[in-house]
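Try each one before reading its solution.

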Amino acid sequence: MNQRQLQVIDYLREENRVLREQLGGRRLRLNDDQRRRLAAKAKGLGRKLLAEVPPFVTPETLLAWHRKLIAQKYDGSGRRGPGRPHTADQIETLVIRMAE
């Protein structure tokens, strides 16, 4: 790796340590967008690299968020409606007229 990249990584690790100290024992609250961004980055790193970096959440949690995001992506339940699709008004009137 480039020496400058190693320095940036070292700085960011130290910054994380400082922020973690300020949080103390309090739990960090993340919104869905923040979870989504962290999960996407975590998936690219993999479990072994995540274990080396002390994260705010465990690697298992990050990868579980990623699995849920993928599951939501392919879940078609939001696009489905209950029951049979509505019949067009023109067809309905034509069927009634034919029945009479």
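Helices (H or I, at least four residues) are DSSP runs, numbered from the N terminus, and the expected span of a helix is 1.5 Å times one less than its number of residues. This is a predicted model, where local features need pLDDT of at least 70, side-chain atom pairs count only at pLDDT 80 or more, and totals for chains, interfaces and linings use all residues. Residues are numbered from 1 along each chain as its sequence is written, and side-chain values use heavy atoms, with hydrogens and water left out.

**Exercise 1.** Compare the reach of helix α2 with its expected span.

*Solution.* Start by counting: α2 covers residues 32-45, which is 14 residues. Next, go from its first C-alpha to its last; the reach is 20 Å, close to the 20 Å expected. Finally, look just past α2, where Gly46 has a positive phi of about 95°.

**Exercise 2.** Describe how α2 and α4 pack.

*Solution.* First, take the axes (lines fitted to C-alpha atoms over the stretch in contact, with angles from 0 to 180 degrees between N-to-C directions). They are 8 Å apart, at an angle of about 105°. That makes α2 roughly perpendicular to α4 (the class for 65 to 115 degrees). Then find the contact (heavy atoms within 4.5 Å): the residues include Ala39 and Lys43 of α2, and Leu62 and His66 of α4.

**Exercise 3.** Is His66 buried or exposed?

*Solution.* Begin by placing His66 in helix α4, residues 59-73. His66 counts as buried because its relative accessibility is 17% (buried means under 20% relative accessible area, exposed over 50%, partly exposed in between, with a 1.4 Å probe and protein chains only). Leaving aside neighbours within four places in sequence, His66 is in contact with Ala39, Ala40 and Lys43.

Technical notes. Helices (H or I, at least four residues) and strands (E, at least two) are DSSP runs, numbered from the N terminus. Angles under 35 degrees count as roughly parallel, over 145 as roughly antiparallel, 65 to 115 as roughly perpendicular and the rest as oblique.
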